[in-house]
Amino acid sequence: MSFKALLVERDEEGNTSASVQELEDSRLPDGDVVVAVEYSTVNYKDGLCVGPGGGLVRTYPHVPGIDFAGTVESSTDSRYKAGDKVVLTGWRVGEVWWGGYSQKASVKADWLVPLPDGLTTQQAMAVGTAGITAMLAVMALEKHGLKPGQGPVLVTGAAGGVGSVATAILSNLGHEVAAVTGRPETADYLKELGATTIVAREELSETVKKPLEAETWAGCVDAVGGDMLARVLGQLKYGASAASIGLAGGAKLPATVIPFLLRGVNLLGIDSVMQPYENRLAAWQKLSESLPMDKLEGMIQPATLAELPELGARILKGQVKGRVVVDVNA
């Protein structure tokens with residue numbers, strides 16, 4: 001038995017290359033559940049792993065793909081049986097463990113969740129890690145008091161995967177959404193997702209000497225970090241929160257503690273990789289209720305395994321809009 005997969009190899013000089021290859025089933029890692037993968041997706045980490053690895057990949061040859069959805073082919077764990085539809089996001093699959101850029105995957109049962117009711121495997125991968133992260137961010141903001149009508153909620157990196165889903169969710173929940181983008185051509189796309197205001201990246205990308213500015217945002221889902229997040233902290237309304245989910249603009253945070261002390265703002269760290277099972281179920285359930293499917297369909301860019309090396313390079317340059325859904329059998 002064999003399957004097709006995108007295999008990344010590294011030569012003696014440390015250079016990597018990726019190509020679609022036919023592999024024997026015996027090369028699958030040992031796991032509890034073998035899944036016939038139907039769809040995967042493309043995230044920033046995937047771009048790193050398809051390329052030189054970014055320090056995420058430990059051993060080569062390697063099959064990337066941090067997300068996948070499909071049908072259980074075989075299982076030694078009582079929680080899953082052949083024919084079950086399942087989803088996997090996180091757990092460092094696609095980084096240190098062979099992932100979803102493959103027609104088959106062998107993983108630990110603890111890493112899987114059942115496909116949520118009402119979602120197809122294709123839709124689940126339109127959601128993927130980006131969507132789960134966005135949902136966890138919105139849930140954290142709500143837990144810290146965010147309600148519709150309190151003012152605009154800022155979404156930075158809005159045209160990317162997490163930003164797109166966050167924009168659609170927040171709008172559907174009744175929030176006014178201000179979407180930050182450095183790509184003016186994405187304005188119509190973001191408005192279709194529900195953004196009421198488009199904010200040019202340049203307006204927030206420079207730091208200011210004043211630790212506090214006018215109270216503007218009722219909350220923020222931030223995918224950028226760096227100077228922009230520092231600036232946003234000084235613009236949050238009293239008691240408001242920013243959910244930090246990415247570092248496209250850098251890992252450093254050149255901020256002061258003044259917004260925390262004088263306005264009681266909150267900086268919420270969001271991790272989707274190691275989230276406990278129950279939290280994942282809750283996030284998937286709320287996604288199926290809160291994310292409008294018509295808007296989800298509008299985010300999708302279809303792709304095949306053969307197109308992944310190019311897409312991986314593009315996402316690292318910030319050139320991918322919305323959600324890429326990879327049909328691994330196409």
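I take helices (H or I, at least four residues) and strands (E, at least two) as DSSP runs, numbered from the N terminus. The model I am reading is predicted.

**Entry: overall layout**

On that basis I count nine helices and 15 strands in the protein chain. I looked up the extent next: the C-alpha atoms fill a box of roughly 65 × 45 × 35 Å along the principal axes. For 330 residues a compact globule would have a radius of gyration near 20 Å, and the chain has 20 Å, so the two agree. I find that 54% of the 330 residues of the protein chain count as buried. Among contacts with a separation of 6 or more, 70% are between residues 24 or more positions apart.

**Entry: nonpolar cores**

I searched for nonpolar cores. The largest has 50 residues. Val87, Leu170, Leu190, Trp284, Leu287, Leu291 and Met299 have the most contacts inside this core. I then listed the elements that give two or more residues to the core; among them are helix H2 (121-143), helix H3 (161-172), strand S11 (217-222) and helix H7 (277-290). Which element gives the largest share of this core? I find that H2 does, with 13 residues.

I followed Trp284 further. Leaving aside neighbours within four places in sequence, Trp284 is in contact with Val87, Thr89, Val113, Pro116, Leu119, Ala124, Val127, Gly128 and Ile132. A second, separate core has 37 residues, including Leu6, Val34, Leu311 and Val320.

**Entry: Thr121**

I looked up Thr121, which lies in helix H2. Its relative accessible area is 8%, under the 20% limit, so I log Thr121 as buried. With neighbours within four places in sequence left aside, I list Glu38, Tyr39, Ala69, Gly70, Lys85 and Leu115 as the contacts of Thr121.

**Entry: helix H5**

Is helix H5 (residues 226-233) mostly covered or mostly exposed? I find H5 mostly covered, with seven of its eight residues buried. The buried ones are Gly226, Met228, Leu229, Ala230, Arg231, Val232 and Leu233. I checked what lies over them: the cover includes S8, S9, S11, strand S12 (236-244), helix H6 (258-262) and strand S13 (266-269).

**Entry: aromatic rings**

I searched the whole structure for aromatic pairs and found one. The ring centres of Trp97 and Trp111 are 5.1 Å apart and the planes stand at 90°; planes over 60 degrees apart count as edge-to-face, so I record the pair as edge-to-face. Trp97 is in the loop between strand S5 (85-89) and strand S6 (104-107), while Trp111 is in the loop between S6 and strand S7 (112-114). The two are 14 residues apart, and the pair links distant parts of the chain. Both Trp97 and Trp111 are buried.

I also looked for a charge over a ring. The charged end of Lys321 sits over the ring of Tyr189, 4.7 Å from the ring centre.

**Entry: cysteines**

How many disulfides does the structure hold? I find zero. I then looked up two cysteines. Cys49 has 0% relative accessibility and therefore counts as buried. Cys220 is buried with a relative accessible area of 0%.

Notes: Residues numbered from 1 in each chain as written. Predicted model: local features only at pLDDT ≥ 70, side-chain atom pairs only at ≥ 80, totals over all residues. Heavy atoms only, no water. Phe/Tyr/Trp six-rings, centres within 6.5 Å; stacked < 30°, edge-to-face > 60°. Buried < 20%, exposed > 50% of the residue type's maximum accessible area, 1.4 Å probe, protein only. Lys NZ or Arg CZ within 6 Å of the ring centre and 35° of its normal. Core = buried A, V, L, I, M, F, W, Y, C linked by side-chain atoms within 4.5 Å. Contact = heavy atoms within 4.5 Å. Disulfide = S-S within 2.5 Å. Rg over C-alpha atoms; globule rule 2.2 N^0.38 Å.
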